[in-house]
Amino acid sequence: MSSEEHIFRRFDQELADLNGIVLRMGGLVEDQIAKAMHALREADSEIARNVVTRDHVVNFLDVQADEQIVNLLALRQPVGRDLRMILSLGKTVTDLERIGDEAERIARMTLDIHGSDNPPPDPLLLSDAFRMSRLATRMLHDVLDALARLDVDKAIQVARGDIELDSEFQAALRRLSTYIMQDARNVGHIINVTFIVKSLERIGDHSKNIAEYVVFLVKGKDVRHISPESIDPEELNR
């Protein structure tokens, strides 16, 4: 094998290693959200504390990915699609780390809700959070699949799904405000639930961001400031 072939193979392996870190990080934050919502549903403070504790693993992978990206950029000086891949994965890592932060925040709110001396909340107060979590986790799962498969069509579908999640978030805020008016004793729980639904809305935003990076990686088109509804897959091929 020539030295040039060896360099190319090393570069391909380093790119694959970076992609592996990103997908591992994605799977971890997916699990963090699932566990945080399970803790909320089952009033399981131990699981909630585990989510908070495990956030350091997400942060470790974030640092590991950043180091790999710096090395690739400095030593390999990539161009074209390789450069787009590294930039897209770098931005994805940032959004995944922030999703991990939102999962931790949900877990902390869960500890406040179920760990206080207050009586448990009315299940109606939590219904919006569970409805939104189904949408947010589906978006995250689908965008990670789109990233793994470099599936532009699926990425666009994820970006469009953020509209539904935003609508659910606004509806949740309206319903939570009526609960305060009905019984002021709910105010503590309502504040915590408001933080939870806001975290879920942000998870959708970060998933949408990742979907846009997938489009950039594959097509070389920056669609960050374009309404998802107006993205034409045919136009991306031109």
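How closely do the axes of helix H3 and H6 come, and at what angle do they cross? The legends below take up this question and further close-up views of the predicted model.

Figure 1. The axes of H3, which spans residues 80-115, and of H6 come within 9 Å and cross at roughly 170°. Angles over 145 degrees count as roughly antiparallel, and H3 and H6 are therefore roughly antiparallel to each other. The contact of H3 with H6 comprises 16 nonpolar, 8 polar and 9 charged residues. In general terms, a pair of packed helices is described by the angle between the two axes and by the distance between them.

**Figure 2. Overview of the protein.** The protein contains 7 helices and 0 strands, and its pattern along the sequence reads α-α-α-α-α-α-α. Taken along the principal axes, the box filled by the C-alpha atoms is roughly 75 × 40 × 20 Å. Of the 238 residues, 44% count as buried. When contacts between residues at least 6 apart in sequence are considered, 81% of them join residues at least 24 apart.

**Figure 3. Helix H6 and the residue that follows it.** Helix H6 covers residues 187-219 and has 33 residues. From its first C-alpha to its last, H6 reaches 48 Å, close to the 48 Å expected at 1.5 Å a residue. Just after H6, Gly220 adopts a positive phi of about 75°.

**Figure 4. The largest nonpolar core.** This core has 70 residues. The residues with the most contacts inside the core are Met37, Leu40, Leu96, Ile99, Leu140, Ile196 and Leu200. Two or more core residues come from each of helix H1 (3-42), helix H2 (45-76), H3, helix H4 (123-149), helix H5 (152-182) and H6.

**Figure 5. Surroundings of Leu40.** Leu40 is one of the residues with the most contacts inside the largest nonpolar core. When residues up to four places away in sequence are not counted, Leu40 touches Thr110, Ile113, His114, Leu126, Ala129, Phe130 and Ile196. Among these partners, Ile196 is also listed with the residues that have the most contacts inside the core.

**Figure 6. Met85 in helix H3.** Met85 belongs to helix H3. Its relative accessibility is 17%, so Met85 counts as buried, the cut-off being under 20%. With residues up to four places away in sequence not counted, Met85 touches Leu15 and Leu217. Val70 lies 15 residues from Met85 along the chain, and the C-alpha atoms of the two are separated by 13 Å.

**Figure 7. Leu173 in helix H5.** Leu173 is found in helix H5. At 29% relative accessibility, Leu173 counts as partly exposed. Not counting residues up to four places away in sequence, Leu173 touches Thr194 and Val197. Leu173 and Lys198 are 25 residues apart in sequence, with a C-alpha to C-alpha distance of 9.2 Å.

Figure 8. Most residues other than glycine have a negative phi. Ala43, placed in the loop between H1 and H2, has a positive phi near 55°. Its relative accessible area is 42%, so Ala43 is partly exposed. Leu150 lies in the loop between H4 and H5, and its phi, near 55°, is likewise positive in a residue other than glycine. With a relative accessibility of 28%, Leu150 counts as partly exposed.

**Figure 9. Asp122 in the loop between H3 and H4.** The loop between H3 and H4 holds Asp122. At 40% relative accessibility, Asp122 counts as partly exposed. Asp122 and Gln182 are 60 residues apart along the chain, and their C-alpha atoms are separated by 12 Å.

Notes. Residues are numbered from 1 along each chain as its sequence is written. This is a predicted model: local features need pLDDT of at least 70, side-chain atom pairs count only at pLDDT 80 or more; totals for chains, interfaces and linings use all residues. Side-chain values use heavy atoms; hydrogens and water are left out. Helices (H or I, at least four residues) and strands (E, at least two) are DSSP runs, numbered from the N terminus. The expected span of a helix is 1.5 Å times one less than its number of residues. Axes are lines fitted to C-alpha atoms, for helices over the stretch in contact, and angles run from 0 to 180 degrees between N-to-C directions. Angles under 35 degrees count as roughly parallel, over 145 as roughly antiparallel, 65 to 115 as roughly perpendicular and the rest as oblique. Ala, Val, Leu, Ile, Met, Phe, Trp, Tyr, Cys and Pro count as nonpolar, Asp, Glu, Lys and Arg as charged, and the others, Gly among them, as polar. A nonpolar core is a set of buried Ala, Val, Leu, Ile, Met, Phe, Trp, Tyr and Cys residues joined through side-chain atoms within 4.5 Å. Buried means under 20% relative accessible area, exposed over 50%, partly exposed in between (1.4 Å probe, protein chains only). Contact means heavy atoms within 4.5 Å.
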